[in-house]
Amino acid sequence: MAINLYDQANDLESALRQSDEFLQLKKMYDEVNNDESANKMFENFRNIQMTLQQKQMSGEEISQEEVEQAQKTAQLVQQHEKIAKLMEAEQRMSMVINDLNKVIMKPLEELYGSMQK
């Protein structure tokens, strides 16, 4: 009997929302959002990141000046305790999602891996 994958995905979403990693991320995110200076600094950092990613994806040249500005901004935000903790929590959450993705993709990897033999 087949299972409903969407029900299982909803269960996974619920579990993810209750995980220590997500709860810590949410706590750090709220702390940054509730601190006006940290929030502005973090928003500026994110805007710079998104602009550079968009340029890179569209094949536009990224100037040395833009790279240096991004590096300076990154150094600045990493020195802010609340933002640094948020970024650490984001990194841990990203690792969890990568691990989950590996688990989810395993049946396809096994299927296509067996075809190569």
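Helix 5 has 35 residues and covers 50 Å between its first and last C-alpha, close to the expected 51 Å; the expected span is 1.5 Å times one less than the number of residues. The model is a predicted one, in which local features need pLDDT of at least 70 and side-chain atom pairs count only at pLDDT 80 or more, while totals for chains, interfaces and linings use all residues. Residues are numbered from 1 along each chain as its sequence is written, and side-chain values use heavy atoms, with hydrogens and water left out.

Move along helix 5 to Met-105. There the helix bends by about 45 degrees, and Pro-107 follows within four residues. The bend is the angle between axes fitted to the seven residues ending at a position and the seven starting there.

Next, select Ile-83, Ala-84, Leu-86, Met-87, Ala-89 and Met-93, which are buried in helix 5. Buried means under 20% relative accessible area, exposed means over 50%, and partly exposed lies in between, with a 1.4 Å probe and protein chains only. The buried residues of helix 5 pack against helix 1 (5–18), helix 2 (20–33), helix 3 (36–57) and helix 4 (64–79).

Keep Ile-83 in view and display its surroundings. Not counting residues up to four places away in sequence, Ile-83 touches Val-32, Ala-38, Met-41, Phe-42 and Val-77; contact means heavy atoms within 4.5 Å.

Turn to helix 3. This helix has 22 residues and reaches 31 Å from first to last C-alpha, close to the expected 32 Å. Its buried residues are Ala-38, Asn-39, Phe-42, Phe-45, Ile-48, Leu-52 and Lys-55, and they pack against helix 2, helix 4 and helix 5. After helix 3 comes Gly-59, with a positive phi near 80 degrees.

In helix 4, select Thr-73. This residue is buried, with a relative accessible area of 12%. A polar atom of the Thr-73 side chain lies 2.8 Å from the backbone oxygen of Gln-69. Beyond residues up to four places away in sequence, Thr-73 touches Asn-44, Phe-45 and Ile-48.

Glu-66 is also found in helix 4. Its side chain is joined to that of Lys-55 by a polar contact of 2.6 Å. A polar contact is a pair of N or O atoms within 3.5 Å; within protein, one must be able to donate a hydrogen and the other to accept it, and residues adjacent in sequence count only if both atoms are side-chain atoms.

Finally, zoom out to the whole chain. Its secondary structure comprises five helices and zero strands. The C-alpha trace spans about 55 × 35 × 20 Å along its principal axes. Of the 117 residues, 21% count as buried.

Key
Helices (H or I, at least four residues) and strands (E, at least two) are DSSP runs, numbered from the N terminus.
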